[in-house]
Amino acid sequence: MADVEFIIHIIFRLVNFTVIMGAGWYAFNKYLYPDLKAQMHAQEHEETALVNWYRKLLQDQDDLDTTLSRERTEQQDLRGKMDRWSNVRHQEHELMMVQEEKRRKVILMRHKKQILHMHEQQLAQEILPHVVDRARKQLHEQFAASVAQESYMSYMVETIKKMDTQ
Amino acid sequence: MMLAQKYAHAFINVFGSVISYDEVRYGGQAASYLYHHRRALFLLKISTLDDEVKRKGLRELCQKFKLPAAFETLIDLLLHDGRAYLFAAVLDVLVLTYRKVHAIAEFHVTSASVLKPDTRVFLEKFMNGKTTSTNFYTYDLNQSLIAGVRMQSDTLLWEYSIDKKLRALARMHQF
């Protein structure tokens, strides 16, 4: 008897346990599982987004490094060009200064020559009429004699003959 | 002057082959005579003076300078047109036109001393060689040349003299 009670007791206990477990499983599936599932999905989604973002950041980092390297090279090239241009410009400037100095000296010399020539011209203009007048008078006296006239005419005839033969 | 040229050209066209250069030169001398005796030219300008009086005066002038009868035709024409006062100008232009038409050049040769005949011949030969025209020469003295010769026509001038050298010297330093 006692054994039967015990067995019945055990059976009831098992049934009770089963019912409680079923109720617990039902409650778990009904109320907790969907939230947990949703939270897991959200967690997975967030994780995937984070991984993608991380990859994108890595790609951006690579791009930035490449750009930086290229710009550094370009900057070095540009600096080299700037240095060369500066050198050439400096040389040209020096050459120009030398040429300018030469030109200035030439102009100065020409100006001095012009002034000298002008003074000579002025002097000649002042003196020449007197010289010509004096020469004219002296030549008149010199050629007053018929011998001089004849000599000059002979010279003229000879000159014309020479010109004609040439 | 334009009118005188027209009369001279017309005269050359009609009598150009009849009259000689000497006669044309006489015409030039007659023109010079009229220019030196301005009173005669003035009388030709007076319109109230009878044409017969002008004709008579001009014919006497023609006889004086041994001008041929062709010039009397010119006088008649000028009197008919009432332009007798142009006679001297027409004669002047006539000389130039005749020279141009017949390629004649009149050279006025001046020298500081009297040129010897052989020098004259040499100079004429020299100038004839330089030009293609028929040249006539008249000689004169010009002491301002100092020494040398100057030959000048209507269009040509050739000079070899000390005066020319002095002139060139004086011009040398002119601005």
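Buried means under 20% relative accessible area, exposed over 50%, and partly exposed in between, with a 1.4 Å probe and protein chains only. This is a predicted model, where local features need pLDDT of at least 70, side-chain atom pairs count only at pLDDT 80 or more, and totals for chains, interfaces and linings use all residues. Residues are numbered from 1 along each chain as its sequence is written, chains are lettered from A and ligands numbered from 1 in the order in which they are written, and side-chain values use heavy atoms, leaving out hydrogens and water.

**Exercise 1.** Find the buried residues of H5(B) and say what covers them.

*Solution.* Helices are DSSP runs (H or I, at least four residues), numbered from the N terminus. On H5(B), look for Ala70(B), Phe71(B), Leu74(B), Ile75(B), Leu78(B) and Leu79(B): these are the buried ones. Next, check the cover, which includes H1, H2 (21–36), H4 (51–64) and H6 (87–101) of chain B.

**Exercise 2.** Describe the ring pair of Phe11(B) and Phe71(B).

*Solution.* Start with the rule: rings of Phe, Tyr and Trp (its six-membered ring) pair if their centres lie within 6.5 Å; planes under 30 degrees apart are stacked, over 60 edge-to-face, and the rest tilted. Over all chains, the structure holds 12 such pairs. Phe11(B) and Phe71(B) sit 5.0 Å apart, centre to centre, with 45° between the planes, a tilted pair. Phe11(B) belongs to H1 (residues 2–15) of chain B and Phe71(B) to H5 (residues 70–80) of chain B, so the pair ties together parts 60 residues apart in sequence. Both Phe11(B) and Phe71(B) are buried.

Now try Trp158(B) and Tyr160(B): at 6.5 Å centre to centre and 20° between the planes, they're stacked. Trp158(B) and Tyr160(B) are both buried too. They also belong to one aromatic cluster with Phe143(A), Tyr152(A) and Phe126(B).

Note on methods. Helix = DSSP H or I, 4+ residues; strand = E, 2+ residues; numbered from the N terminus. Contact = heavy atoms within 4.5 Å.
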